[in-house]
Amino acid sequence: MIISKCPLRVSLVGGGTDLQEFIDENGYGSVVSFPCNLYTYINLFCDKNGMNAINGKYVINYTRKEEVDSLNEIKNDVARVCLQHFNLPPCQISFHSDISSYGSGLAASSAYVINTIHAIKEYFKIKLPYSEVCSLALSLERKFNPRTGAQDIYGCGLGGFKKLTFYKDGRVKATMFHETFIDEFDKYLIHTGVTRSSTKILESIDIKKLKSTLPLVDDFEKAIKSRDSEAFFSIIKEGWVKKKESSPLVISDTGIEEIDRSLSSCKRVKAYKLCGAGGGGYFLIFTEKGFDVSSELPDLEKNCFKINIDSRGVRSKMV
């Protein structure tokens, strides 16, 4: 059996410019992100010597259990498209995550796709370079979620704090940053308690309004390289304002509006933003070191947890 794990990604600046529609219109898109120490997991077992262990069935375990005779019958989108692509024989595959991942804004579905491909590659000793794993993962996810942004796959699969640039011709460039600067501050995720469909949010975004986000990414890179924390947090704040302006659905829930107000009034919160497409999921916040959530944000404490950067990305092991 192969166990594979892939981190969830946290996007800081440039979200939306990785949409294919934006890239096609502007020639490129660019984001800054990092994968965090929260993971999706895949357990994959194929009985190579017969079908005794799984009785000739495809067994898919997630929030429900499927047992079907053919690949086409699989309801789970990730399992179906990945297993179909590799034309796997009857097997058992299980999905689980460190968090309730649906509608999280942390690219959970992308993490599951790249995780599944990586597990299959390792299990069957398929030679597939990392760049091809990511390219394949993006094309497969777009079969069931056509508006998947390019940053989701590459942001999860490639470890470390980085800038990703996506070009119209399909090239992807990763510029890696030292993590010591960002590690000078504590980072937390706060669950809004709201789940949503990212597709609906993305369909409502005005692509033309996103163009003004690209200069922020370049300024953000300069702030990181010069270790200018004031500019770093100012750009996150500006990006959050622009994100709210890009679609009325980003912050339409009253509970999310209330969290937004609470965070804006907390002086020890350096900057914050809603992860992913918006509309639900998790807020990311940066704070001073030693931030006491219980005293500073007591109403949010139960839904708040500290995160760090994952430097390795997707990985697998045989057990």
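User: What does Thr-17 count as, buried or exposed?

Analyst: Thr-17 has 0% relative accessibility, and the cut-offs are under 20% relative accessible area for buried, over 50% for exposed and partly exposed in between (1.4 Å probe, protein chains only). Bear in mind that this is a predicted model, where local features need pLDDT of at least 70 and side-chain atom pairs count only at pLDDT 80 or more, while totals for chains, interfaces and linings use all residues. Residues are numbered from 1 along each chain as its sequence is written, and side-chain values use heavy atoms, with hydrogens and water left out. So Thr-17 counts as buried.

User: Where does Thr-17 lie?

Analyst: Helices (H or I, at least four residues) and strands (E, at least two) are DSSP runs, numbered from the N terminus. On that scheme, Thr-17 sits in the loop between β1 (2-13) and α1 (20-26).

User: Which residue's backbone oxygen lies 2.8 Å from a polar atom of the Thr-17 side chain?

Analyst: A polar contact here is a pair of N or O atoms within 3.5 Å; within protein, one must be able to donate a hydrogen and the other to accept it, and residues adjacent in sequence count only if both atoms are side-chain atoms. The Thr-17 side chain reaches the backbone oxygen of Ser-30 at 3.0 Å. Apart from neighbours within four places in sequence, the contacts of Thr-17 (heavy atoms within 4.5 Å) include Tyr-28, Ser-30, Leu-210 and Leu-214. The backbone oxygen 2.8 Å away belongs to Gly-14.

User: How far apart in space are Val-217 and Val-13, C-alpha to C-alpha?

Analyst: Val-217 is in helix α8 (residues 214-225), and at 0% relative accessibility Val-217 counts as buried. Not counting residues up to four places away in sequence, Val-217 touches Val-13, Gly-14, Ser-30, Val-31, Val-32 and Lys-163. Val-217 and Val-13 are 204 residues apart in sequence, yet their C-alpha to C-alpha distance is 6.1 Å.

User: How are α2 and α3 placed to each other?

Analyst: The axes (lines fitted to C-alpha atoms, for helices over the stretch in contact, with angles running from 0 to 180 degrees between N-to-C directions) of α2 (residues 77-86) and α3 (residues 108-123) come within 10 Å and cross at roughly 30 degrees. Angles under 35 degrees count as roughly parallel, over 145 as roughly antiparallel, 65 to 115 as roughly perpendicular and the rest as oblique. That is why α2 and α3 are roughly parallel.

User: How many nonpolar residues does the contact of α2 with α3 have?

Analyst: The α2 and α3 crossing is right-handed; a crossing gets that name if the near helix is turned clockwise from the far one by less than a right angle, and left-handed if anticlockwise. Val-78, Cys-82, Leu-83 and Phe-86 of α2 meet Ser-109, Tyr-112, Val-113, Thr-116, Ile-117 and Ile-120 of α3. Ala, Val, Leu, Ile, Met, Phe, Trp, Tyr, Cys and Pro count as nonpolar, Asp, Glu, Lys and Arg as charged, and the others, Gly among them, as polar. In the contact of α2 with α3, two residues are polar, none are charged and the nonpolar ones number eight.

User: At what angle do α2 and α4 pack?

Analyst: The α2 and α4 crossing is right-handed. Asp-77, Val-78, Val-81, Cys-82, His-85 and Phe-86 in α2 meet Leu-136, Leu-140, Lys-143 and Phe-144 in α4, a contact with seven nonpolar, one polar and two charged residues. The two helices are therefore oblique to each other. Their axes are 9 Å apart, with α4 spanning residues 130-144, and the packing angle is about 125 degrees.

User: How many residues of α5 are buried?

Analyst: α5 (residues 150-157) packs against α4 at about 140 degrees, with the axes 9 Å apart. The buried residues of α5 pack against β1, β2 (28-46), α3, α4, β6 (162-167) and β7 (172-176). The helix is largely enclosed by the rest of the structure because the buried residues number eight of the eight.

User: What is the phi of Lys-125?

Analyst: Asn-87, in the loop between α2 and β5 (91-97), has a positive phi near 50 degrees and counts as exposed at 59% relative accessibility. Lys-125 is in the loop between α3 and α4, and at 65% Lys-125 counts as exposed. Although Lys-125 is not a glycine, its phi is positive, about 55 degrees.
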